[in-house]
Each structure stands twice: as C-alpha cells, then as structure tokens.
Amino acid sequence: MPSQRKERRRTEHRNVASKNLDRMSAIEIVRLMNREDRKVAAAVSQELPAVARAADAIVKAIRNGGRLIYAGAGSSGRMAVLDAAECPPTFGTPPKLVQALIAGGRPAVTGAVEGAEDSLANAERDLRTKKLTGRDVVVGITASGTTPYVLAALQYARRRGAATVAITVNPRTPVARLAKILIATQVGPEVLTGSTRLKAGTAQKMVLNMLSTAAMARLGHVYENLMIDVKASNQKVSDRILRILAEASGKSLSASEHALRQAGHNMRIALIMLKLEMDARDAKKKLAAGKGNLHDALDK
C-alpha cells in the first residue's frame, strides 16, 4: 500500500478539540469556536513587522503613482473585494486606486465559480487588463498558500517589476517563495477541517484592515483619528461628516454646517476655515500651499 504524502498545510489538518463537532450542542460549538478565535489576534500580532513593511510598500507605490491591487480566490477574494470597495467611501480615494481581483470575476463574489481558482492564465489576463506596471503593488491572498490563481498573479507581478505581498496562514508553501513580503498568520487547524472562512478568514480580514487603514493614514487621508475624506453616500454619513468636522475644529454643528456649505462640501477646506477663521478662498490657498496635507496647511 503506497504511503500517503504528509499534508504540510495546517489549514487541512484536523483540530483535535473539534473531532466530535457533530455531537456537540450549540453552546459547546460556539464556546469552542470562541476559544479558537482568541488565537487569531495572537497569530496576527506575530506578523506585525511584516504587515508594517507591506503598508510602507503600499504607501511608496501610491506616492509614486501606483495602485494597490489585491488578488484572491473564494472567501479570500471576497474579503479583498470588500476591503477595496470600502476605500473610496472611507478615505475618499479614486475607485481605481485600490482594486481587487477575484478568480472567476464578479460572479464569484456571491457564488462559487467552479475551477476559477485553478486558472493560471486568468490571473495574468486579469492583471494585463488592469495594465499592471512596476509602480503598482500586488497583494495575493491565499489561506492555503497554494492557490494557482494567486500564485500566477504574483509571478506576473514580479515579471512586471511590481512590489509583491502575500497573506496566508501556511508559511512553508509556494506563495512564500513568490512574494517579497510574506505575512503568514499561523492560526492552526480550523474547527471545521479545511474551512478557511473561519480562523484563516478572520486573520486575513484583520490584516487587510491593517494594510488599508495604515496606508491611508500615512497618505494623509485621516486627520488625527477622524475620517476627514469620508464621502456622503446617505443621510447617516452626512450627519457623521458634520460631527467629524465639529469634533476636529472644536466648533458647533451649526458653524460646521455653514463652513461645509461655503467650502463646497470639502471637509478639508471647511476644517481650515473653522480652525484658522478664514473664508473658503483663503482656505483653498492654504490647502494648496500645504500640497493637500492638512497638518502642513494648518501650520503654515
């Protein structure tokens, strides 16, 4: 009888604590999952230096006129799509600045596309369509570390001279050899064997949140810890914008609302108006003199 090859991917190992999952009560299952989930933040904490290096690489790429492009498949790809979609409303960035490629395209966001993650050609085709250049940074997300679509995306990115980052939970896998920066959060076997939407998915989402938030903060898209570039997409966000402006300026809501109207609903200009007690025209000049950087504009 031929010997079985040892499975190196921890995400495919069985979790000893959940071997009787099918016989547990609901409260036993959720308690077990909660205990396992506590391991995620600890695993991510071990990779913070790598996460910071990746955030710095993203900042460098964007400052040089490049873009942040995520590439993933399945649940990893869906989380990438979510993070990219949240950047324009949260940070006021152009939709093309942060993009996400998911194996199988748009249909794969809401459903399974059979065989999509196994396609090497599609990854290169998708990046060619995006006109990838050496100024961009490509972040491949693959829990297993072996997803062909992600590996092919990173290979193509390297050939184009783009910076490469990998997010995985299995360090000694092919993706580790392709990415310049490896973020490997070792969360261990899943409660449901092989279901990487669980701990692995949680770790990936935490890392994606860190990358986009840290990069955008470094790029000046926040003021203190406030969303100074948030876009008004509904009444709730419009109300939030007024609260942010009042909090940042120390002025009243009514004064903030008046300044915002005078500033053409540009929060940066409205904040300068309120903080330095000047009109919109002078505030625009201040912002231009600071090259769009709020701290520089307010200090000049």
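## The main core

A nonpolar core here is a set of buried Ala, Val, Leu, Ile, Met, Phe, Trp, Tyr and Cys residues joined through side-chain atoms within 4.5 Å. In this predicted model, the largest such core has 38 residues, and Tyr70, Val98, Val139, Ile167, Ile183 and Leu211 touch the most other members. At least two residues each come from helix H1 (26-45), H2, S1, H3, S3, S4, S5 and helix H8 (199-218). The top contributor is H2, with nine residues.

Take Ile167 as a way in. Setting aside neighbours within four places in sequence, Ile167 is in contact with Val139, Gly140, Ile141 and Thr142, and also with Ile183, Gln204, Val207, Leu208 and Leu211.

There's also a second, separate core of 26 residues, with Ile228, Ala270, Leu271 and Ala283 among them.

Five strands make up an open sheet, ordered S2-S1-S3-S4-S5 and paired in parallel. Strand S2 (98-102) and strand S5 (181-184) sit at the edges, each pairing on one side only. From one strand to the next, the twist averages 15 degrees.

Look at S3 (residues 137-141) and S4 (residues 163-168): five bridges link them in the parallel sense. Gly140 stands opposite Ala166 in S4. As for helix H2 (residues 48-63), it lies across S1, S3, S4 and S5, and runs at about 135 degrees to S5.

## Around Ala73

Ala73 is in the loop between strand S1 (68-72) and helix H3 (74-91). Is Ala73 buried or exposed? Ala73 counts as buried because its relative accessibility is 12%, and the cut-off is under 20%. Its C-alpha atom is 12 Å from that of Thr168, which is 95 residues away along the chain.

Note on methods
Residues are numbered from 1 along each chain as its sequence is written. This is a predicted model: local features need pLDDT of at least 70, side-chain atom pairs count only at pLDDT 80 or more; totals for chains, interfaces and linings use all residues. Side-chain values use heavy atoms; hydrogens and water are left out. Helices (H or I, at least four residues) and strands (E, at least two) are DSSP runs, numbered from the N terminus. Buried means under 20% relative accessible area, exposed over 50%, partly exposed in between (1.4 Å probe, protein chains only). Two strands pair if DSSP finds at least two bridges between them. Axes are lines fitted to C-alpha atoms, for helices over the stretch in contact, and angles run from 0 to 180 degrees between N-to-C directions. Contact means heavy atoms within 4.5 Å.
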